[in-house]
Amino acid sequence: MESDSRTDRPFARGRAALAAGVLGLLLAVGGCGASGDSSGSNEKAADGKYAPSGERAKAGADAGGAASSAEDRADGKPGGSKAAPEPGAAATHVIRTATLSVEVTSVPKAVAAARGVAEGAGGLVATENTERLDDTYETSHLVLRVPQDRFQEVLRELAGSGKLLSRTSNAKDVTDQVVDVDSRIATQRASVARVRELMDRAEKISDVVALEGELSSRQSDLESLLAQQSSLKDRTSLATITLDLTPPDAPDDDGREEDAGFLDALGGGWGAFVTMLRWVAVAFGAALPFLLTAALALLVWRALSRRGAARAAAPAGTPEKEGTPAS
């Protein structure tokens, strides 16, 4: 029995060595496969497709932070190149006015076209004054109110409606005035509210009367400021265009000007002559009573003078017959 056990020991050791070798080979093959899988997973993670959820979340957070930094730089925050706009920047308030003088072939058609341009731009015709020169020609004076953003467009259309004779435009910045009026209105409203609060708390009649006078004064100031604000708003929201439309000169204007000049001179001279005669007649009528009185006095004086001379020339003692005129 001992001999058999001694004989089996070498075989058992050989099987153990073989099993250990197989196990080592399997472990080596498994390590290589794990290494290959690990490298593949790293490559996939690098591609961003099969990264673990934690890594994907971290990558997303990093990307979001980078995007936020880029947006901050674009908005002008520290680290960016774009300057941030100033908060609460006040708008610019400008009063625009213009004057146009246009020569057109037909004044009524030009007036209708100008009215259509103004109303089409969202404005209105504030004033229209048409004057007829004679049976053929007439002129027109219009005041148009148009929105500020359509001001230049309307000017171009009106100037192109005929032959432009003159054009002037003006722009006045009243931003400071608008801001000042708005600030004063806010202050005045707060003042009125304080006075009303004091009136609610007042118990004496004398205090109520005094507060009513103060409230009336401050309310009047507030209404004046509100009127200024409304006027500024109207003038800054709507621009004013003054348009003069005149007809062209007649084709044979040169010859007519000479005839018209001669006739005008003749008519002016005749008018002056008639006026002079009228004034002479008026003066004569005013002096006529005095002249009649003077003539009558002169006749009486001459008659008396002749009678006195006849008496002086008659011989002494010769009676003068009654009724015989002195010669």
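**Surface patch**

I began with a nonpolar surface patch of about 520 Å², made by Trp270, Phe273, Met276, Leu277 and Val280. Patches take residues with over 30% relative accessible area and no salt bridge, and nonpolar side chains (Val, Leu, Ile, Met, Phe, Trp, Tyr) are joined within 5 Å, like charges within 9 Å. A salt bridge here is a side-chain nitrogen of Lys or Arg within 4 Å of a carboxyl oxygen of Asp or Glu. Areas come from the Shrake-Rupley method with a 1.4 Å probe, and for residues only the protein chains shown count as cover.

I then picked out Leu277, which lies in helix α7 (residues 253-313). Leu277 counts as partly exposed because its relative accessibility is 42%; buried means under 20%, exposed over 50%, and partly exposed in between (1.4 Å probe, protein chains only).

**Ground rules**

A note to myself: this is a predicted model, where local features need pLDDT of at least 70 and side-chain atom pairs count only at pLDDT 80 or more, while totals for chains, interfaces and linings use all residues. Residues are numbered from 1 along each chain as its sequence is written, and side-chain values use heavy atoms, with hydrogens and water left out.

**The sheet**

Next I counted seven helices and five strands in the protein chain; these are DSSP runs numbered from the N terminus (helices H or I, at least four residues; strands E, at least two). The five strands form an open sheet of mixed pairing, in the order β2-β3-β5-β1-β4. Strands pair if DSSP finds at least two bridges between them.

Ala98 has Ile241 in β5 as its bridge partner.

Helix α4 (residues 151-159) lies across β1, β3 (138-147), β4 and β5, at about 10° to β1. Axes are lines fitted to C-alpha atoms, for helices over the stretch in contact, with angles from 0 to 180 degrees between N-to-C directions.

**Thr175**

Is Thr175 buried or exposed? Thr175 counts as buried, because its relative accessibility is 12%. I found Thr175 in helix α5 (residues 175-201). Leaving aside residues up to four places away in sequence, Thr175 touches Ala91, Thr92 and His93, with contact meaning heavy atoms within 4.5 Å.

**Whole chain**

Finally, I noted that buried residues make up 17% of the 327 residues.
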